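Please read it alongside the sequence and the model.

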Amino acid sequence: MTDARPSTVVPVRPPLRWLGGKHGLIRDYSRHLLSRDKFTVFHDAMTGGGAVPFEWAYGCDQLHLNDKLPEIVAFYTAVRDDVEGLIEGATLLSEGMIHAIRSDGIEAGREVFNETRGLLSDWRTQERPVLSTEAAVWMLVLNRTSTNGLHRMSRNGRCNMAIRKDLAKLVLREDLDLVRADGLRALHRLLTRTNAILTCGDFEVATACVQAGEYVFFDPPYDPNPKRLVKGKSAAGFTAYTADGFTEEDHQRLSDDLVRLDGIGAFFTLTARSTVETRARYAQWTTHEVDMRHGNSMKSSGREVVRELIVTNVGP
């Protein structure tokens, strides 16, 4: 595979813990992704943790990151535009939480966690949340201190992630670093160099501006698996990162959008749970199946190896 990137351009480890993200899997996915020397503009329609743009498309001329969650967009905006303010704010908040736990126990830390979660919830449920470094600070610290990096929304749009159970043990480490400033600065350099565009909205917001020859990546929430229902909900088909989920109608809109992108000469790759329905829905394009440990459970023991479908119009 040809790679004409300058030697100084290197991948960046995604700064957010993101359950179901592709970090650590890029090597497995690489043969199904468009070669880096064949695109200069990359669009991630559902960015989340950002593993693919930061670990695969890092050498392109321009990145476009889109997500439906305003707190995700606020976070990456702060990394791009105010990384030192983000580092300072996150350091103060995380040190306050650590101090509370060391002094008064995990329940004191839980109070800080819940208060921060409430602040982020109040911010995100405004009619038009204003992207701010403060919201990015809340997002980062909650992400680092929540269970398995699982970012969940209740039906009324409020955050309902839980504090990680091992936090009381983690704070005993003298070298504990929840902020990881060097990684944030590395991502700042990447977003600056690639003139990163950030948008907040449905995946169609991300694809509306796509031109011929550009590359788009989609990683929607999994289709529910009817064979593994727990209290009426799929155990491995998590679709509740946002309050309104990702419905069958959304998947159909996504399929229709792929037809449009294919028609204008754009490239795309999509990942989804491999089911009878998804294989039929995307049968007109090239598909591959890979095994992935991707159970979106609050407990790491609840994760399972599942078959994931990779759909692409990228040639061999």
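A residue is called buried when its relative accessible area is under 20%, exposed when it is over 50%, and partly exposed in between, with a 1.4 Å probe and protein chains only. The model is a predicted one, in which local features need pLDDT of at least 70 and side-chain atom pairs count only at pLDDT 80 or more, whereas totals for chains, interfaces and linings use all residues. Residues are numbered from 1 along each chain as its sequence is written, and side-chain values use heavy atoms, with hydrogens and water left out.

Helices (H or I, at least four residues) and strands (E, at least two) are DSSP runs numbered from the N terminus, and the chain holds eleven helices and nine strands. Of its 316 residues, 54% count as buried. Contact means heavy atoms within 4.5 Å; among contacts between residues at least 6 apart in sequence, 74% join residues at least 24 apart.

**Two helices and their spans**

The expected span of a helix is 1.5 Å times one less than its number of residues, and the table sets this beside the reach from first C-alpha to last.

| Helix | Residues in helix | Reach | Expected span |
|---|---|---|---|
| Helix 4 | 22 residues | 31 Å | 32 Å |
| Helix 8 | 13 residues | 18 Å | 18 Å |

**Helix 4**

The buried residues of helix 4 are Val83, Leu86, Ile87, Ala90, Leu93, Ser94, Met97, Ile98, Ala100 and Ile101. Viewed down the helix axis, they fall within an arc of 170° (taken from the directions from the axis to the C-beta atoms), so they line one face of helix 4. An α-helix has 3.6 residues a turn, so residues three or four places apart point the same way. On the other side of helix 4, Glu88, Leu92, His99 and Asp104 are exposed. The buried residues pack against several elements, including helix 3 (70-81), helix 5 (106-124) and helix 6 (133-145). After helix 4 comes glycine 105, which has a positive phi near 95°.

**Contacts of helix 5**

Axes are lines fitted to C-alpha atoms, for helices over the stretch in contact, and angles run from 0 to 180 degrees between N-to-C directions. The axes of helix 4 and helix 5 come within 6 Å and cross at roughly 150°, which makes the two helices roughly antiparallel; angles under 35 degrees count as roughly parallel, over 145 as roughly antiparallel, 65 to 115 as roughly perpendicular and the rest as oblique. Here Leu93, Met97, Ala100, Ile101 and Asp104 of helix 4 meet Ile106, Ala108, Gly109, Val112, Phe113 and Thr116 of helix 5.

The axes of helix 3 and helix 5 come within 10 Å and cross at roughly 105°, and these helices are therefore roughly perpendicular to each other. Pro70, Glu71 and Ala74 of helix 3 make this contact with Leu120, Trp123 and Arg124 of helix 5.

**Helix 8**

In helix 8 the buried residues are Ala181, Leu184, Leu187, Leu190 and Leu191, and they pack against helix 2 (51-55), strand 2 (62-67), helix 3, helix 4 and helix 6. Asparagine 195, which follows helix 8, has a positive phi near 50°.

**Threonine 286**

Threonine 286 lies in strand 8 (residues 286-293) and is partly exposed, with a relative accessible area of 38%. Not counting residues up to four places away in sequence, threonine 286 touches Ile310, Val311 and Thr312. Its C-alpha atom is separated by 8.2 Å from that of glycine 315, which is 29 residues apart from it along the chain.
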